[in-house]
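Please have the structure open as you read.

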Amino acid sequence: MIFDQRGTVLARVQKEHAQLYPQPGWVEHDPHEIWRNVQEVIASALQQGRLRASDLAAVGVTNQRDTTVVWDRTTGKPVCNAIVWQDTRTAEICQQLAAVGGQEQLRRKVGLPLATYFSGPKLRWILEHVPKAADKAAAGQLLFGTIDSWLIWNLTGGVQGGVHVTDVSNASRTMLMNLETLAWDDEVLRLMGVPRAMLPRIASSSEIYGEAQGVLAGVPVAGDLGDQQAALFGQVCFAPGEAKNTYGTGCFMLLNTGMQIVHSKSGLLTTVAYQLGKQPAHYALEGSIAIAGAAVQWLRDNLGIIERSSDIEALALTVADNGGVFFVPAFSGLFAPYWRDDARGVIVGLTGYANKGHLARATLEATAFQTREVVDAMHADAGVPVQSLKVDGGMVSNALLMQFQADMLGVPVIRSAMSETTSLGAAYAAGLAVGFWETEDELRANWAQDRTWQPTLPATERERRYRDWKRAVTCTFDWVTH
């Protein structure tokens, strides 16, 4: 995506890459395919906008966090496919580590529970299971990174001097970075069995990392944010207490806590929101929901009851309510606030009356119910009730979902005029680094709302439905027993 100074989109090109499922619970991406697609969309966006690389002030990168890549610094070849954030193959590693010190043993340092979601256990799995990977890593031959590091390394030259870097927001999701020092933690590295030599340099989210090569030759690569932190930044949630929710493959809500590290007691993650240059880092509480839009894709691809993801709203509107059907899409366990690797998806409340319209509605409602659980946890941890919710991401075009979300929260839901706030946040970070924008107030002035949904459901009905949802969730527990 290419933006001008007012945050207006000048060009937008996107390309889907394959989701690889080699066995149950495993989810992979091909890093080469991602890099090829990135090069294609860069060239196409420049062409669409009738621009040259020299017209660009800077480039920012944002990425699905936690997805783990290990590659050879000499050849540039990954040692295996990228292990995606949804992948659960590291459950045994997490259980082994938890058996010694408990699931919460690292939370004070890294802000995260021991869970399959994060990069550290995935990296350990690669070192233990890919032939010769551990020896090569110890010798400094292999590099580790999340997708941002892989892309920046390739953008800045790859084997010809590419910059090996990540930012504080992505590093805070690896389980390997200390939240207070913003540096790799030696004790955690020893616990995970990760050699420091393979780790990228941790930088701020907004600084010049290097110059791009290839089609963007000479353009500073100057912004790097994990996707959810980028959406928070793109929604200009710069003040403590401001929150946003992004509805994508998963669903991710972040609450800016300013320069304060708030340790959650309610199943949330403590993470770095962003850091601008040499300024102090800002932190956030995050509620991570594994499956949101991915459940709609499941209806489309696995069950075939809709042809396009966008068809779900019309199908859900063929019925007046969910008909008593609840769908808890715990395909890869439950994330916030439960952190249950043993959970698996369930559809409950089925009767002969239920039809595909009820299932479609239950699928949409699942996203809103899960968000309500996260909002409740944030209120418990931060002590500040959410007064309204800024929303973005692919699912916010679904008016039925947005209305039900307002009804479940009992507060207004506000859709930004710019739905692609993740990309905008990365652009903002890059632009601030090179002076394209001077202040955060300039970015605030760009923000505009598109539509607001007000709650209409009576409080008694809201709470009744929410109680039924909580009962449905308990049905997912303890399914995986080995």
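Arg89 lies over the face of Trp125, at 4.6 Å from the ring centre. A charge counts as sitting over a ring if NZ of Lys or CZ of Arg is within 6 Å of the ring centre and within 35 degrees of the ring normal. Lys390 is placed over the face of Trp447.

| Charged residue | Ring | Distance from ring centre |
|---|---|---|
| Arg89 | Trp125 | 4.6 Å |
| Lys390 | Trp447 | 4.3 Å |

A word on the ground rules. This is a predicted model, in which local features need pLDDT of at least 70 and side-chain atom pairs count only at pLDDT 80 or more, while totals for chains, interfaces and linings use all residues. Residues are numbered from 1 along each chain as its sequence is written, and side-chain values use heavy atoms, with hydrogens and water left out.

**Aromatic pairs**

The whole structure holds 24 aromatic pairs. Rings of Phe, Tyr and Trp (its six-membered ring) pair if their centres lie within 6.5 Å; planes under 30 degrees apart count as stacked, over 60 as edge-to-face and the rest as tilted. Tyr117 and Phe335 make a stacked pair, with 4.4 Å from centre to centre and 20° between the planes. These partners are 218 residues apart: Tyr117 is in the loop between helix H3 (107-110) and helix H4 (119-129), and Phe335 is in the loop between strand S18 (326-328) and strand S19 (346-348). Helices (H or I, at least four residues) and strands (E, at least two) are DSSP runs, numbered from the N terminus.

**Nonpolar cores**

The largest nonpolar core has 106 residues, and Leu123 and Met198 are among those with the most contacts inside it. Helix H12 (residues 356-382) supplies the largest share of this core, 11 residues. A nonpolar core is a set of buried Ala, Val, Leu, Ile, Met, Phe, Trp, Tyr and Cys residues joined through side-chain atoms within 4.5 Å. Another core, of 29 residues, lies apart from it and includes Ala53 and Val61.

Two strands pair if DSSP finds at least two bridges between them. S16 (residues 269-274) runs antiparallel to S17 (residues 282-289), joined by 5 bridges, and Thr270 stands opposite Leu285. In S16, 6 of its 6 residues are buried.

The other open sheet has 3 strands in the order S4-S13-S12, also with mixed pairing. S4 (59-63) and S12 (206-211) are at its edges, each with a single partner strand, so one side of each lacks a neighbour in the sheet. S4 and S13 (residues 220-226) run parallel, joined by 5 bridges, and Val59 stands opposite Val221.

Technical notes. Buried means under 20% relative accessible area, exposed over 50%, partly exposed in between (1.4 Å probe, protein chains only).
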